[in-house]
Amino acid sequence: MMRPFLHSLLPLLALLTVLTGCDTMKPEQFAKQTPALALEEYFQGQTRAYGIVEDRFGNVRRQFVVDIKGAWNGRELTLDENFDWSDGEKERRVWVLTRQGPNQWEGRTQDAIGTAKGVLSGNAYNMVYDFNLKMGEGRTKVRFDDWMFLMPDGMLLNKATISKFGIHLATVTIAFRKDVPGVAAGSRQAAE
């Protein structure tokens, strides 16, 4: 009696495996990559980033600019982020990242569910967390798998995949820069 059920379940499991893919990238594989990323150094002061959000089919759905004011107190890195979305929406998010060891970090922000777990290795930082993402008039719980890579000349690239129940929903791509022309350190108004 159970065999027909198992036979119908196997194709579904195979399909889910293909849809979710095999996540094999690990921070440790970037241990020897340079320049080495130090979050507390990179994000100290003012940073500006430019990003796009793509749906699962690769269509760009939203664009944004975010100004970030970073402060490091020796244990916690606070990132005060102010988003300007291309559709006119403004959004503020404050992350507090706490160093848990030489390469281990934990992150908290208002809409994160629980604690984000981060690992720093070489030029790479990976942070995984659940998040109450605004979708339309409501919010839905999604999983972020967030990767940052420090490149030469101080460019920091960020690629985050967003999924729900293991199914890919969207990708966020962000480029961070420290040398923002016309922006005094810590002054968002100077950029506007």
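# Questions on a predicted model

Me: In this predicted model, is arginine 139 buried, partly exposed or exposed?
Reply: Arginine 139 has a relative accessible area of 47%. Buried means under 20% and exposed means over 50%. The value for arginine 139 lies in between, so the residue counts as partly exposed.

Me: What separates the C-alpha atoms of arginine 139 and aspartate 111?
Reply: Asp111 is among the contacts of arginine 139. Along the chain the two residues are 28 places apart, and their C-alpha atoms are separated by 9.6 Å.

Me: How many helices and strands does the protein have?
Reply: From the N terminus, the order of elements is α-α-β-β-β-β-β-β-β-β-β-β. The count is therefore two helices and 10 strands.

Me: Is threonine 47 buried or exposed?
Reply: Threonine 47 lies in strand S1, residues 45-55. Buried means under 20% relative accessible area. Threonine 47 is at 0%, so the residue counts as buried.

Me: Which side chain makes a polar contact with the side chain of threonine 47?
Reply: Beyond four places in sequence, threonine 47 touches Tyr42, Val66, Asp67, Ile68, Phe176, Arg177 and Lys178. The side-chain polar contact, at 3.0 Å, is with lysine 178.

Me: Which residue in S3 stands opposite valine 66?
Reply: S1 pairs with strand S2 (residues 60-72) in the antiparallel sense over 10 bridges, and alanine 49 stands opposite valine 66 in S2. S2 also pairs with strand S3 (residues 76-85), antiparallel over nine bridges. In S3, the residue opposite valine 66 is phenylalanine 83.

Me: Which residue in the turn between S2 and S3 has a positive phi?
Reply: The hairpin of S1 and S2 has four residues between the strands, and there glycine 58 takes a positive phi near 90°. The hairpin of S2 and S3 has three residues between the strands. In that turn, a positive phi of about 100° belongs to glycine 74.

Me: How far apart in sequence are the parts tied together by lysine 134 and glutamate 89?
Reply: The side chains of lysine 134 and glutamate 89 meet in a salt bridge at 3.3 Å, N to O. Lysine 134 lies in strand S7 and glutamate 89 in the loop between S3 and strand S4, so the pair ties together parts separated in sequence by 45 residues.

Me: Which residues are linked with Glu89 and Lys134 in a network of salt bridges?
Reply: The structure holds 13 salt bridges. Lys134 is partly exposed at 47% relative accessibility, and Glu89 is partly exposed at 24%. The network that links these two also includes Arg62 and Asp87.

Me: In the salt bridge of arginine 143 and aspartate 130, which residue is buried?
Reply: The two side chains meet at 2.7 Å, N to O. Arginine 143 has a relative accessible area of 38% and is partly exposed. At 17%, the buried residue is aspartate 130.

Key. Residues numbered from 1 in each chain as written. Predicted model: local features only at pLDDT ≥ 70, side-chain atom pairs only at ≥ 80, totals over all residues. Heavy atoms only, no water. Buried < 20%, exposed > 50% of the residue type's maximum accessible area, 1.4 Å probe, protein only. Polar contact = N/O pair within 3.5 Å; in protein donor to acceptor, adjacent residues only side chain to side chain. Contact = heavy atoms within 4.5 Å. Pairing = 2+ DSSP bridges. Salt bridge = Lys/Arg side-chain N within 4 Å of Asp/Glu carboxyl O.
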